[in-house]
Amino acid sequence: MFEVELLFQAEDELSEAYDWYEERQTGLGNRLFREVNHYLGVIEKNPFHFQIRYPQSLRAAPLKIFPYLVIYWIDESKRVVYVTSIFHTSRDPELL
């Protein structure tokens, strides 16, 4: 297994998304958080499961319920996965 580390930007994006969904409906932010956690668990077990979709070997794990991608890269030598972004799919991918 690999260690999964959320970088500051990803933590900030997840926090903002959580707050936005909670403002719309109580508990919806928790559903987003649980879904992201599920995918982080999948990535932790097998980070190569999702394909490379962006330059610099960035991989993307699409969530099923919410319109987000978990963007990450793998440092095989350290056995660490760095999550760089929790990316809303309506954003411009050039902002990665």
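A strand, in this talk, is a DSSP run of E with at least two residues, a helix is a DSSP run of H or I with at least four residues, and both are numbered from the N terminus. Two strands pair if DSSP finds at least two bridges between them.

Good morning. The structure before you is a predicted model, in which local features need pLDDT of at least 70 and side-chain atom pairs count only at pLDDT 80 or more, while totals for chains, interfaces and linings use all residues. Residues are numbered from 1 along each chain as its sequence is written, and side-chain values use heavy atoms, with hydrogens and water left out.

I begin with the sheet. Strands of a sheet pair through backbone hydrogen bonds, either parallel or antiparallel. Here 5 strands make an open sheet with mixed pairing, in the order β1-β5-β4-β3-β2. β1 (3-6) and β2 are at the edges with a single partner strand each, so one side of each has no neighbour in the sheet.

Let us follow the hairpins. β2 (residues 52-54) pairs with β3 in the antiparallel sense over 2 bridges, and I52 has R59 of β3 as its bridge partner. The hairpin of β2 and β3 has 3 residues between the strands, and Q56 in its turn has a positive phi of about 60 degrees. β3 (residues 58-62) is itself mostly covered, with 4 of its 5 residues buried; buried means under 20% relative accessible area, exposed over 50%, and partly exposed in between, with a 1.4 Å probe and protein chains only.

β3 also runs antiparallel to β4 (residues 68-75), joined to that strand by 4 bridges. These two form a hairpin with 5 residues between them, and P62 stands opposite L69 in β4. β4 in turn pairs with β5 in the antiparallel sense over 8 bridges, where I71 has S85 of β5 as its bridge partner.

In the loop between β3 and β4 lies P67. Is P67 buried, exposed or partly exposed? Its relative accessibility is 32%, so P67 counts as partly exposed. Leaving aside residues up to four places away in sequence, P67 touches Y21, F87, H88 and T89, where contact means heavy atoms within 4.5 Å. P67 and F87 are 20 residues apart along the chain, with their C-alpha atoms separated by 8.4 Å.

I turn now to helix α2. Its 18 residues should span 26 Å at 1.5 Å a residue, and its end C-alpha atoms are 26 Å apart, which agrees; the expected span is 1.5 Å times one less than the number of residues. Buried residues of α2 include L28, L32, V36, Y39 and I43. Down the axis of α2, the buried residues fall within an arc of 140 degrees, so they line one face of the helix; the arc is that of the directions from the helix axis to the C-beta atoms. The face turned away from this buried side carries the exposed residues R34 and K45. Among the elements covering the buried residues of α2 are β1, α1, β3, β4 and β5.

Finally, the core. A nonpolar core is a set of buried Ala, Val, Leu, Ile, Met, Phe, Trp, Tyr and Cys residues joined through side-chain atoms within 4.5 Å. Which residues touch the most other members of the largest core? Of its 22 residues, they are L32, L63, Y68, V70, Y72 and I86. α2 gives the most to this core, with 6 residues. A second, separate core of 6 residues includes Y54, A60, I71 and F87.
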